[in-house]
Amino acid sequence: MSLVTTAYLIAALAFALLATALLVSRRRGWPFNYLLGACLLLVAWATLMVFEMVEAFDTNVLVIGDALHAFALLLFLGQLIGKSGDGLWQKAFQFGPWLVPLVALALVFSGDADVSDKIALALYLNIGLSLVGLLATEQVFRNAGVMKRKAASLLAFAFALVFVFDLFVYSNAIIVQVVNVELWAARAFVNALAAPLIFAALRRETNWQSGLFVSRQVVFYSASLIGVGVYLILIAFGGALVQRFGGEWGDALKVAVFVIGIVFLMMVLFSRGIQRRFKVFLATHFYAN
């Protein structure tokens, strides 16, 4: 059994255990029903990935599988934001994820499209979905009330871990024109690691509807996420150069570049001092008032 197959089997087992724990706990209603549905979709995603590696199905299986993955995560986060109010911004997050499977199906049934073009479109689509997921994650964390901050921290860390790693994997695949097998396997392990963090967050806080408000300062967070996306693409590009010109040390140096880059990024994202200076910079140079 290959490393990739094992990794996605572990991911399927992790989300199956999370779904079982939710059923055993007998908690119903918001937000447990949505989390249970998301877990079942993620089990289906990981299972499709296993069959893809074992049976070597066509590209459409990967497109549908990744659509299930993004749809499951964004559906749950979108409901967290959508339940906080009746504004257009909240509704966009609440109902927007339903476009993901529709776009994936349109991509699958685009019979005239070349396979390489279809893969490229799927990669760009997933980069966009990862950025949207990071934006939603950041909104949930930053706008949670004081009483929910500990639970929101766990939840945000779990989802941010998944979306940041996805963004790196897809960006790297576009730059080097091939999906790195080791990164693809590590992606499954990252998702499996997120499962217990999500469950811990839901056990710590059950009433997510009260005290969660979407910030009006979306421009700051959008600009931050654009910067994160550019930064990760630069990491992927640097890793590709190191791998190409690093000789026998290429693979090891590429992993080192990735780890150092992600650690630095997490330090920047969680530094309130840097966030304050960035907000002052935007307010000073891009706003009259």
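Guide: We begin with a term: a residue is buried when its relative accessible area is under 20%, exposed when it is over 50%, and partly exposed in between, using a 1.4 Å probe and protein chains only. At 1% relative accessibility, Asn 191 therefore counts as buried. The model is predicted: local features need pLDDT of at least 70, side-chain atom pairs count only at pLDDT 80 or more, and totals for chains, interfaces and linings use all residues. Residues are numbered from 1 along each chain as its sequence is written, and side-chain values use heavy atoms, with hydrogens and water left out.

Visitor: Where is Asn 191, and what is it in contact with?
Guide: Asn 191 is placed in helix H8. Helices (H or I, at least four residues) and strands (E, at least two) are DSSP runs, numbered from the N terminus. Contact means heavy atoms within 4.5 Å. Leaving aside neighbours within four places in sequence, Asn 191 is in contact with Phe 15, Trp 45, His 69 and Val 162.

Visitor: How far apart are Asn 191 and Phe 159?
Guide: They are 32 residues apart in sequence, and 8.8 Å apart in space from C-alpha to C-alpha.

Visitor: What does Phe 159 touch?
Guide: Not counting residues up to four places away in sequence, Phe 159 touches Leu 73, Phe 76, Leu 77, Thr 137 and Ile 198. Phe 159 is also among the residues that touch the most other members of the largest nonpolar core, together with Tyr 8, Phe 76 and Leu 155. A nonpolar core is a set of buried Ala, Val, Leu, Ile, Met, Phe, Trp, Tyr and Cys residues joined through side-chain atoms within 4.5 Å.

Visitor: How many residues are in that core, and which helix gives the largest share?
Guide: The core has 74 residues. H7 gives the largest share, with 14 residues.

Visitor: Changing topic, how many aromatic pairs are there?
Guide: There are 5 aromatic pairs in the structure. Rings of Phe, Tyr and Trp (its six-membered ring) pair if their centres lie within 6.5 Å; planes under 30 degrees apart count as stacked, over 60 as edge-to-face and the rest as tilted. The pair of Phe 71 and Trp 98 is edge-to-face, at 5.0 Å centre to centre with 65 degrees between the planes. Phe 71 lies in helix H3 and Trp 98 in the loop between helix H4 (88-95) and H5, so this pair ties together parts 27 residues apart in sequence.

Visitor: Are those two buried or exposed?
Guide: Phe 71 counts as buried, at 8% relative accessibility, whereas Trp 98 counts as partly exposed, at 46%.

Visitor: Why is the pair of Phe 76 and Phe 159 stacked?
Guide: The ring centres of Phe 76 and Phe 159 are 6.0 Å apart and the planes are at 15 degrees, so the pair counts as stacked. Phe 76 lies in helix H3 and Phe 159 in helix H7, so the pair ties together parts that are 83 residues apart in sequence. Phe 76 and Phe 159 are both buried.

Visitor: And the chain as a whole: how many helices and strands?
Guide: The chain has 11 helices and 0 strands. Of its 289 residues, 46% are buried. Among contacts between residues at least 6 apart in sequence, 75% join residues at least 24 apart.
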